[in-house]
Amino acid sequence: ADIRDLIPRLAPLCPARAPALNALAASQNSEGKPLEGFRYYPYSDFAAYQCKHFGFFLKTISTRGLPAESINGENLKGHLLNSGDGYLIHNGHEYFNLLPVWDWNALPGITSFRGAEQIIRKAFAGSVSDHKNGLTAMNDEMQGLKAAAHVYAHKICACHGGKVICLIAGLSAPQVDENIFTALDQCRWQGAVTVNASSHKVGKGVHILQNVKWVHQGTFAYIPLKPAAMRLLSDTVSGTWSSISTSASDSLLTDSVFMSILLHGVHPQNLSAGYVLAYAASAKQTASLAEHPS
């Protein structure tokens with residue numbers, strides 16, 4: 001996992017890449033410039049965006065790749081991984097060791113419904129980039145236990161100027177009798193949850209809110225492109241590593257989870273939605289981003 005010790009051997013083998021390898025070593029040693037820019041890895045349908053205050057990592061899927069596998073009692077809950085899930089990291093604590101208490105049906109970034117069981121892979125998925133900014137697109141489809149229960153959508157994530165803009169079009173689920181949702185994030189609860197006004201903080205628990213203009217938690221802003229219905233959770237949750245992998249510990253663990261979910265309703269037909277993810281040190285900064293969009 002750590003190739004720093006190998007770089008002195010790798011660099012002479014490819015002198016043209018030696019500056020990049022040495023820069024990698026310096027970055028890993030907290031020296032020199034931090035990584036900035038956008039990189040897409042086409043063989044794994046994976047995109048990484050690094051800017052001054054945070055990193056955003058997006059995993060899509062296409063017919064060129066395979067879903068995450070569950071074998072030998074491992075990855076027991078990961079059947080929806082790689083379906084457009086995206087992760088925001090500022091301090092490294094956002095998801096670290098959070099997996100035992102995760103709600104694996106609401107992975108950050110996915111558009112889905114309770115009871116979704118299978119990703120239907122589509123050919124159209126990919127990215128364009130100038131190495132500083134990038135746009136990733138995918139055709140998205142999920143299927144439930146009932147063969148007719150499908151949700152379809154076209155989705156893009158544009159990473160530009162220190163912001164991530166996510167757009168959803170053609171969202172339809174005519175045969176799904178569940179609330180269709182997009183999980184904006186599901187991370188460690190690291191601060192007050194503020195909604196629509198710096199003075200409006202929501203407490204511990206689950207909150208179903210209407211006309212949400214923005215949400216701030218920790219160091220991130222979650223901004224629907226138009227006022228929207230959202231489900232917010234900020235609570236302590238319990239779980240075990242053995243629920244993910246049968247060979248792991250069955251000791252009960254408790255952690256603090258924050259979840260922000262955009263609600264699309266039941267049986268949406270050709271619906272459009274969108275939201276912005278951005279670094280924000282305070283609720284006041286989030287309010288300013290929402291009130292003065294670029």
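## Pockets

A pocket is an open set of points, on a 1 Å grid over the protein atoms alone, with protein on both sides within 12 Å along at least five of seven lines, and its lining residues have an atom within 4 Å of a point. The model is predicted, so that local features need pLDDT of at least 70 and side-chain atom pairs count only at pLDDT 80 or more, whereas totals for chains, interfaces and linings use all residues. Residues are numbered from 1 along each chain as its sequence is written, and side-chain values use heavy atoms, with hydrogens and water left out.

The second largest pocket is lined by 16 residues, and Ile223, Leu225, Val276, Leu289 and Pro293 lie nearest its centre. Its space amounts to about 330 Å³, a volume being the space filled by probe spheres set on the grid points, which are joined across faces, edges and corners.

The largest pocket has a volume of about 690 Å³; 21 residues line it, and Ala20, Leu35, Glu36, Arg39 and Tyr41 are the closest to its centre.

## Sheet

Four strands form an open sheet in the order E1-E2-E3-E4, with antiparallel pairing; strands (E, at least two residues) are DSSP runs numbered from the N terminus, and two of them pair if DSSP finds at least two bridges between them. Because strand E1 (37-41) and strand E4 (85-89) stand at the edges with a single partner strand each, one side of each is left without a neighbour in the sheet.

Strand E3 (residues 55-59) pairs with E4 in the antiparallel sense over five bridges, and Lys59 stands opposite Asp85 in E4.

Notes:
On a 1 Å grid over the protein atoms alone, a cavity is a set of points where a 1.4 Å probe fits but cannot get out, and a pocket is an open set with protein on both sides within 12 Å along at least five of seven lines; lining residues have an atom within 4 Å of a point.
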